[in-house]
Amino acid sequence: MPDLGFRKNVMGPQPIAERAPTPPEMLGAAKQFLEFLAKGKVEDVGALAIENARDEVNRLAEAARQTGTYNQKRIVALARINRHYWIKGELTGAGTKPFIVQFRLGEQDGRWKVWETINLTNARSAWTR
Amino acid sequence: MQKFIPVDRLARPENMVVMRSRQVRDIRDEQNLDRRELPFDEEALRARLHGILTGEIQAMEAAGRTLFDFPDAPWEFQLDMARQVWDESRHTEIFLRLLEYMGGHLGDYIETEILWRCAQANDPAARVAGINRGLEGLACDVFDQLIRIAQRNGDDVIERAVDYVLADEITHVRMGSKWMRKLTEGDPERLKRAQEFQDSVDEVFNFRGGRRAREDITNDTGTLLTIAREARLLAGFTEEEIERLIASSRKSAAY
C-alpha cells in the first residue's frame, strides 16, 4: 500500500468567497415544524404548509403521532435548490423508533412554508420502495 | 455483495440529500427562476461545483462497480477501470477543495441520481459506452465551459485545476472508445446496442437544447453548454461521432 501521506496537512487554495448565509427565519420554521411533529400537534403542523401540501403534511403528522412520542429533534441535512431548502430531520424518544422526515421549505408571501414532505423512516432514500 | 445496484444502495453521509433530477428541475420551475442562470454568478458557480463534485463521486463509484460487476472482463479492462477509480477519487478531492475555495461544503446542495441511472447497463461494452464515452464526454464539455468561465472571471485556481481534471477525462473517453470496440469485435449487433445506449445517455445530457455546437450559438452569454469539439477529438471521438452528437443536440433544441 503506497504511503498516501497525512492528507489533513495538505493545503488547498484558501477560500475567496463567504459561505452563503442560511436564512434564520427558515431555520426557525424548520425547527418549529419538527417541534410540532414531535409533539403530535397535527393541526399546527398543517398550518405551516402551503395549501397544496396540507393533506400530505397532515398524513405525515398523523404517521409521526402513531409511531411514538419524541422528546428530541435534530436537523441532519440542509440542502438547497435555488431559494428552496430541503431539510432532513430526525425525531427520537426513549423506547421509540426514530422518525426521519425530509421536507422542503420555501417562502410564500413572506413566510417560510412547507411545500412537500417525504417520510424516510423506513427508507434509504426518497424513492426507495 | 450485490451486483448492478440501484442508486439508493449507494452509501452517503447522512447530511446528503439525494433526489431525482426531474424533481429538482420541477422545483426550480416552481420557483419561477430562470433555469439557466448566468454561470458567472458566485452562487451559481458554487452550485455548479457541487454538482460536478457529486458527479465525480458517482463516477468513482461507477468505475469501481464496473470492475466488480464484470469479473470475467479482460484483465487489462479491469486495470483501466481500477485506474479510473483512482483518477475519480482525486477529482473528488479537487472539486471538494474548489467548492470550499468558493465558500461551499459537501451537502449544501441536492445530489441528483441521473449519472448513476445512466450507468445501468448489464453489458461491459454498453457500460463503458455510456459512462466513458457519454458521461465522460459530457465532462469534457462541462469542463471546457468551466475553464472559459474561470478565464472570464480571471480565476486561475479554478482554470488550472479543471484543466488538470479535463486531461484525465480525455484519457477516460479514450479508454471507453478502446474497450467499446475491443469488446464488440466481430459482433456488430453488440456494438450497435452499445452505441445506442451511449446515444440515449447523450440525449439526456443535451438538456432539452442546453447543449449545442459552438456554431449553433449566435450570442454566447455563457449559459449554454457547448460541445467541446477539440477535447472530444483529443479523446478519440471521430468527426462523424461529433457530428452525430451535434445532430442529436439540434433535435433536442427543436423540442
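This is a predicted model: local features need pLDDT of at least 70, side-chain atom pairs count only at pLDDT 80 or more; totals for chains, interfaces and linings use all residues.

Stop 1: Select chain B and switch to a cartoon view. You'll be looking at nine helices and four strands. Trace the chain from the N terminus and the elements come in the order β-α-α-α-β-α-α-α-α-β-β-α-α. Chain B has a radius of gyration of 18 Å, close to the 18 Å that the globule rule gives for 255 residues, so chain B is as compact as a globular protein of that length. If you like boxes, the C-alpha atoms fill one of roughly 50 × 45 × 35 Å along the principal axes.

**Stop 2: the inside of chain B.** How many of the 255 residues count as buried? The share is 45%. Now think about contacts: taking those in chain B with a separation of 6 or more, 76% come from residues 24 or more positions apart.

**Stop 3: helices 5 and 6.** Select residues 124-153 of chain B for helix 5, then residues 156-183 of chain B for helix 6. Their axes lie 8 Å apart, and the two helices pack at an angle of about 160°. Angles over 145 degrees count as roughly antiparallel, which makes helix 5 of chain B roughly antiparallel to helix 6 of chain B. Turn the view to look across the pair: the crossing of helix 5 and helix 6 of chain B is left-handed.

**Stop 4: where the two helices touch.** Show side chains and color by class. The contact of helix 5 with helix 6 of chain B has 21 nonpolar residues, along with six polar and six charged ones.

Key. Residues are numbered from 1 along each chain as its sequence is written. Chains are lettered from A and ligands numbered from 1 in the order in which they are written. Axes are lines fitted to C-alpha atoms, for helices over the stretch in contact, and angles run from 0 to 180 degrees between N-to-C directions. Angles under 35 degrees count as roughly parallel, over 145 as roughly antiparallel, 65 to 115 as roughly perpendicular and the rest as oblique. A crossing is left-handed if the near helix is turned anticlockwise from the far one by less than a right angle, and right-handed if clockwise. Ala, Val, Leu, Ile, Met, Phe, Trp, Tyr, Cys and Pro count as nonpolar, Asp, Glu, Lys and Arg as charged, and the others, Gly among them, as polar. The radius of gyration is taken over C-alpha atoms; the globule rule is 2.2 Å times the number of residues to the power 0.38. A residue is buried if 20 or more other C-beta atoms lie within 10 Å of its own, exposed if 12 or fewer, and partly exposed in between; C-beta atoms are placed from the backbone. Two residues are in contact if their C-beta atoms, placed from the backbone, lie within 7 Å.
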